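Hi there,

Here is the structure I promised to pass on to you. Please have a look, and then read on for my notes.

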Amino acid sequence: MSMIQEFKEFAMKGNVLDMAVGVVIGGAFGKIVSSFVGDVVMPLLGKVVGGVNFTDLAMTIGTDPAGAPLLLKYGAFLQTLFDFVIIAAAIFMALKGINKLKAPPPAAAPPAPPADVALLTEIRDLLKKQG
C-alpha cells in the first residue's frame, strides 16, 4: 500500500475526524472564553477592586543588560488562570449535561448459578412433579 493510501485510510477513520472537529471547536470556544474573561469579567473585577487593569499588573525584578526593566507579569497570568477556570467549568457543565442525556446501560443479567446448584434445582423440581 502506498504512503498516500495509508494516510488517506488513517485520516478517514471516525476517531481522527471527530478529534479534528473537537480541536477546531475547542479553539473557537477558547477564543470566546478569552474574550469573555478579558473584555467582560476582568474589567468588571478591576472596577470592583478600584479600577485595576489586571493585564497591566507587573513587578520589576531587575534590569536586563541593555538597561530595560525585567517585569514579572503576574496580571497576565491571573487573566490566563481565570480563562482556564471558566473553560474548565464550562466543559464540566457540558459533560455533566451530556451524561444526563445518555440512557443508562441495561442492567446485567444475573450470573448463572453454579452447575451443582442448577443440578440440585432440577432434582428438586423433578421430585415436586412426582410427589
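A residue is called buried under 20% relative accessible area, exposed over 50%, and partly exposed in between, with a 1.4 Å probe and protein chains only as cover. By that scale, isoleucine 4 is exposed, because its relative accessibility is 68%.

Before the rest, some ground rules. This is a predicted model, so local features need a pLDDT of at least 70 and side-chain atom pairs count only at pLDDT 80 or more, while totals for chains, interfaces and linings use all residues. Residues are numbered from 1 along each chain as its sequence is written, and side-chain values use heavy atoms, with hydrogens and water left out.

Confidence

pLDDT is the predictor's confidence in each residue, from 0 to 100. The chain averages 84 on that scale, and 98% of the residues score at least 70. Helices (H or I, at least four residues) and strands (E, at least two) are DSSP runs, numbered from the N terminus. Confidence in the chain is lowest in helix α1 (residues 3-11), with a mean of 81, and highest in helix α4 (residues 115-130), at 91.

The helices

Isoleucine 4 belongs to helix α1. Another pair to look at is leucine 44 and glutamine 5: 39 residues apart in sequence, with 54 Å between their C-alpha atoms. Leucine 44 sits in helix α2 (residues 14-48) and counts as exposed, since its relative accessibility is 55%.

Is glutamine 79 buried or exposed? Glutamine 79 is buried, because its relative accessible area is 13%. This residue is part of helix α3 (residues 74-101). Contact here means heavy atoms within 4.5 Å. Leaving aside neighbours within four places in sequence, glutamine 79 is in contact with Val37, Gly38, Met42 and Thr55.

A salt bridge is a side-chain nitrogen of Lys or Arg within 4 Å of a carboxyl oxygen of Asp or Glu. The structure holds one of these. Its partners are arginine 124 and aspartate 125, whose closest N and O atoms are 3.2 Å apart. Arginine 124 is partly exposed, with a relative accessible area of 44%, and aspartate 125 is partly exposed too, at 35% relative accessibility.

The hairpin

Two strands pair if DSSP finds at least two bridges between them. Strands β1 and β2 run antiparallel and are joined by four bridges. Together they form a hairpin with five residues between the strands, and glycine 67 in the turn has a positive phi of about 95°. Which residue of β2 is the bridge partner of threonine 63? That partner is proline 69, while methionine 59 has leucine 72 as its bridge partner in β2.

β1 is hardly covered: of its five residues, the count of buried ones is zero. Threonine 60, which lies in strand β1, is exposed because its relative accessibility is 53%. Not counting residues up to four places away in sequence, threonine 60 touches Pro69, Leu70 and Leu71. From threonine 60 to leucine 71 the C-alpha distance is 4.6 Å, with the two 11 residues apart in sequence.

The nonpolar patch

Patches are made of residues with over 30% relative accessible area and no salt bridge; like charges are joined within 9 Å, and nonpolar side chains (Val, Leu, Ile, Met, Phe, Trp, Tyr) within 5 Å. Accessible areas come from the Shrake-Rupley method with a 1.4 Å probe, and for residues only the protein chains shown count as cover. On the surface, Met59, Ile61, Leu70, Leu72 and Tyr74 form a nonpolar patch with about 470 Å² of accessible area together. The elements giving two or more residues to the nonpolar patch are β1 (59-63) and β2 (69-72). Leucine 72, found in strand β2, counts as partly exposed because its relative accessibility is 41%.

Best wishes
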